[in-house]
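Work through the exercises below with the model open. Try each task before reading its solution.

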Amino acid sequence: MQVFERPSEEPLTTDGPTLLPEALASPEERVEAPPALGGRRPNVLFVTPEMGDFIKAGGLGEVSASLPRQLTRLCDVRVLMPGYREVRRKGGHIDVVRSMPGFAGLPAWSLGRLTRPDGLIVYVVLCDELYDRAGSPYGPFGAGDFADNDVRFARLSLAAAEVAAGEADPNWKADILHAHDWPAALAPLYLATRPGRDKPASILTIHNLAYQGLYGADRLQALGIPDSAFTVEGAEFYGQLSFLKAGIAFSTHITTVSETYAREITSPEHGCGLDGMLRRRYAAGELTGILNGIDDRMVMPPDQALDPRALGDWKRANARKVRKIFGLTPSKGPLFAVISRLVHQKGVDLAVEAAETIIAGGGQLVVTGRGEPELEEAVERLGERHPDAVGVHIGFDDEEARQVFAGSDFLLMPSRFEPCGLSQMYAQRAGSLPIAYRTGGLADTIDDGRSGFLFSSLSSSSLGGAVNRALGAYRRRADLIAMRRNAIAKRFDWTGATARYATIYSRALEV
């Protein structure tokens with residue numbers, strides 16, 4: 001079992017959706033408007049370590065920018081996040097609501113408040129000694145994690161409990177605290193162990209169970225965690241403190257980001273040592289999988305390209321641009337793409353092996369992303385061996401990713417596990433057919449043989465078989481056109497997720 005401490009980073013596109021004509025959505029893909037919360041409009045505190053408005057490492061940042069805005073139709077939603085340097089730089093004027101004392105080894109802080117142009121209120125944990133530094137939300141660029149991340153995210157979690165309880169903003173308190181991933185997962189524990197009986201409900205959303213936030217048991221006192229919470233049914237994980245396990249143990253309800261992943265994490269194979277606790281919560285109806293949505297405007301073909309002939313012209317024009325960007329020779333063959341963190345989880349090693357099948361079949365491959373040095377080196381060596389057929393860019397740029405989605409015919413996504421995945425959704429909406437392992441959100445969003453290709457064995461031969469199926473479809477133009485149309489017609493907006501979160505909130509308020 002391998003347990004990591006960094007949240008997932010998923011290349012994403014941004015901005016709001018331009019939806020296809022309603023006629024292109026099949027009846028089973030349409031979702032009714034979400035139900036009202038029994039006539040209530042609850043106050044929801046959405047706690048996150050990243051938000052696409054200001055700073056993001058991946059998919060969580062995109063969700064944190066999109067989901068609260070969707071929920072404002074039903075709730076008074078306010079986001080709480082750390083006051084990073086980028087938030088201060090991009091957020092505009094920040095009002096200081098109240099100065100708050102330190103606790104245990106956590107420093108004092110101030111609650112800031114800013115309002116986005118669309119009216120969304122964002123609370124900010126102002127504590128420069130923890131957050132005013134260069135880097136990602138989790139560490140210096142290219143240099144691992146910050147050594148004090150336990151303090152940084154315990155401070156966020158305790159601040160969340162204080163805001164939710166109405167102690168930091170005297171004019172607002174939460175009915176529901178909604179925490180996201182391990183950096184916010186101590187918040188349900190802090191709420192549960194605070195004095196008093198009138199406490200908000202707490203929801204924990206797990207975006208990737210492999211990242212737990214593990215620290216030594218000697219950190220309990222400094223983080224203000226009572227010994228009574230450090231038990232096998234609480235925050236203790238094989239002698240260590242697990243932020244994520246604390247959230248699982250003390251939250252009112254748990255969600256994760258696809259239905260298949262919710263089932264998978266109750267098994268030893270995917271449970272990262274937490275499967276027993278998760279099985280109990282699942283059996284009790286307290287663990288729910290809710291698929292993330294996307295905002296797809298920047299990858300959608302223009303309306304005039306939705307005609308089958310025009311769509312092919314649009315794809316070919318974008319493919320020519322991609323080939324030029326990546327230095328590939330002109331070709332009429334299929335263009336495959338990898339848009340991903342270059343890490344073991346994403347199956348990049350399998351994609352490298354599949355490149356030989358792609359090239360033998362007359363295809364080309366572009367790879368964009370960054371990650372583990374050995375995998376970066378592997379894809380660079382692949383590009384050096386096949387300079388006319390393989391283009392590699394180490395790094396990530398949103399604009400380039402959008403161009404690759406638009407220009408590629410197929411997206412390789414052989415992730416060993418994938419809680420939700422967003423790239424396969426963007427790819428389908430751009431008419432790029434994903435080739436993916438049948439797991440997590442990939443299994444929930446790709447229709448095998450209709451909008452993409454799924455394979456069921458984690459091996460290079462199984463992936464190679466799926467690549468050959470894709471090459472065959474490319475040669476049969478009628479099949480390719482039909483699959484592109486099926487892919488583009490799929491709907492991945494937030495309507496269904498919003499309705500399901502409203503149901504979860506309603507249940508939590510009844511507990």
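**Exercise 1. Describe the annotated domain.**
The unreviewed UniProt entry annotates residues 43-279 as "domain: Starch synthase catalytic". UniProt positions follow the numbering used here, feature names are shortened, and annotations may be inferred rather than shown by experiment. The model is predicted: local features need pLDDT of at least 70, side-chain atom pairs count only at pLDDT 80 or more, and totals for chains, interfaces and linings use all residues. Residues are numbered from 1 along each chain as its sequence is written, and side-chain values use heavy atoms, with hydrogens and water left out.

Solution. Take the secondary structure: residues 43-279 are 30% helix and 23% strand. Helices (H or I, at least four residues) and strands (E, at least two) are DSSP runs, numbered from the N terminus. Then take the ends: their C-alpha atoms lie 30 Å apart.

**Exercise 2. Is S251 buried or exposed, and what does S251 contact?**
Solution. S251 sits in the loop between α8 (243-250) and β11 (253-256). Its relative accessibility is 5%, so S251 is buried. The S251 side chain reaches back to the backbone oxygen of G247, at 2.8 Å. Beyond neighbours within four places in sequence, S251 contacts P188, S202, L204 and R281; contact means heavy atoms within 4.5 Å. Now look at α8: six of its eight residues are buried, so the helix is largely enclosed by the rest of the structure. G247 is one of these buried residues.

**Exercise 3. How do α12 and α13 pack?**
Solution. The axes of α12 (residues 348-360) and α13 (residues 373-385) come within 10 Å and cross at roughly 10°. The two helices are therefore roughly parallel, a class for angles under 35 degrees. From α12, the contact uses V348, D349, V352, A355 and E356; from α13, L375, V379, L382 and R385. By type, six are nonpolar, none polar and three charged.

How values were computed:
Axes are lines fitted to C-alpha atoms, for helices over the stretch in contact, and angles run from 0 to 180 degrees between N-to-C directions. Angles under 35 degrees count as roughly parallel, over 145 as roughly antiparallel, 65 to 115 as roughly perpendicular and the rest as oblique. Ala, Val, Leu, Ile, Met, Phe, Trp, Tyr, Cys and Pro count as nonpolar, Asp, Glu, Lys and Arg as charged, and the others, Gly among them, as polar. Buried means under 20% relative accessible area, exposed over 50%, partly exposed in between (1.4 Å probe, protein chains only). A polar contact is a pair of N or O atoms within 3.5 Å; within protein, one must be able to donate a hydrogen and the other to accept it, and residues adjacent in sequence count only if both atoms are side-chain atoms.
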